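Biologist: Can you put the model up and talk me through it?

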Amino acid sequence: MNSDSYDIAMGVVLSARRRRMGLAKADMALALRSTEQQVARYEAGTNKVSVSRLFEIADILGTEASTLVMEVEALSMPQYQLPRAK
């Protein structure tokens, strides 16, 4: 799996966690002192989440940064990867 795939997987994890908590992107942006567009970029995997930002996000989501990373790792396992085009 390449680094872009990990960024996309992190976005999927963050988006799912945020929605599960009932937080809008605007709520997350406010808590992060950022913009809704930046949250959308994190969730789309187009912007990388720094380690310090990951800890902030984890705190807002009521979890540990390591838990988020483990969820990314689980999504990155071969059974979740799409087959490559021939």
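Biologist: What kind of model is it, and what are the ground rules?
Modeller: This is a predicted model, where local features need pLDDT of at least 70, side-chain atom pairs count only at pLDDT 80 or more, and totals for chains, interfaces and linings use all residues. Residues are numbered from 1 along each chain as its sequence is written, and side-chain values use heavy atoms, with hydrogens and water left out.

Biologist: How many helices and strands does the protein chain have?
Modeller: Five helices and zero strands. Both are DSSP runs numbered from the N terminus, with helices being H or I of at least four residues and strands E of at least two. The order from the N terminus is α-α-α-α-α.

Biologist: And what share of the residues is buried?
Modeller: Of the 86 residues in the protein chain, 31% are buried. Buried is under 20% relative accessible area, exposed is over 50%, and partly exposed is in between, using a 1.4 Å probe and protein chains only.

Biologist: What about contacts between residues at least 24 apart?
Modeller: They make up 62% of the contacts between residues at least 6 apart in sequence. Contact means heavy atoms within 4.5 Å.

Biologist: OK, helices. How do α1 and α5 cross?
Modeller: The axes of α1 (residues 3-20) and α5 (residues 65-75) come within 9 Å and cross at roughly 120°. Axes are lines fitted to C-alpha atoms, for helices over the stretch in contact, and angles run from 0 to 180 degrees between N-to-C directions. The two helices are therefore oblique to each other. Angles under 35 degrees count as roughly parallel, over 145 as roughly antiparallel, 65 to 115 as roughly perpendicular and the rest as oblique.

Biologist: Which residues make that contact?
Modeller: On the α1 side they include Tyr6, Met10, Val13 and Arg17, and on the α5 side Leu68, Glu71, Val72 and Leu75 are among them. By class, the contact of α1 with α5 has 10 nonpolar, one polar and two charged residues. Ala, Val, Leu, Ile, Met, Phe, Trp, Tyr, Cys and Pro count as nonpolar, Asp, Glu, Lys and Arg as charged, and the others, Gly among them, as polar.

Biologist: Now α2 and α3, what's the angle there?
Modeller: Roughly 105°, with the axes of α2 (residues 25-32) and α3 (residues 36-44) coming within 8 Å. That makes α2 roughly perpendicular to α3. Lys25, Ala26, Met28, Ala29 and Leu32 of α2 meet Glu36, Val39, Ala40 and Glu43 of α3. The residues of this contact divide into six nonpolar, no polar and three charged.

Biologist: Is Ala29 buried or exposed?
Modeller: Ala29 is buried, with a relative accessible area of 3%. Leaving aside neighbours within four places in sequence, Ala29 is in contact with Ser34, Thr35, Glu36 and Val39.

Biologist: Where is Arg33, and what is its phi?
Modeller: Arg33 is in the loop between α2 and α3. Its phi is near 55°, a positive value in a residue other than glycine. Arg33 counts as exposed at 68% relative accessibility.

Biologist: And Arg53, buried or exposed?
Modeller: Arg53 counts as buried, at 15% relative accessibility. Arg53 is found in helix α4 (residues 51-60).

Biologist: Which side chain does the Arg53 side chain make a polar contact with?
Modeller: That of Tyr42, at 3.3 Å. A polar contact is a pair of N or O atoms within 3.5 Å; within protein, one must be able to donate a hydrogen and the other to accept it, and residues adjacent in sequence count only if both atoms are side-chain atoms.
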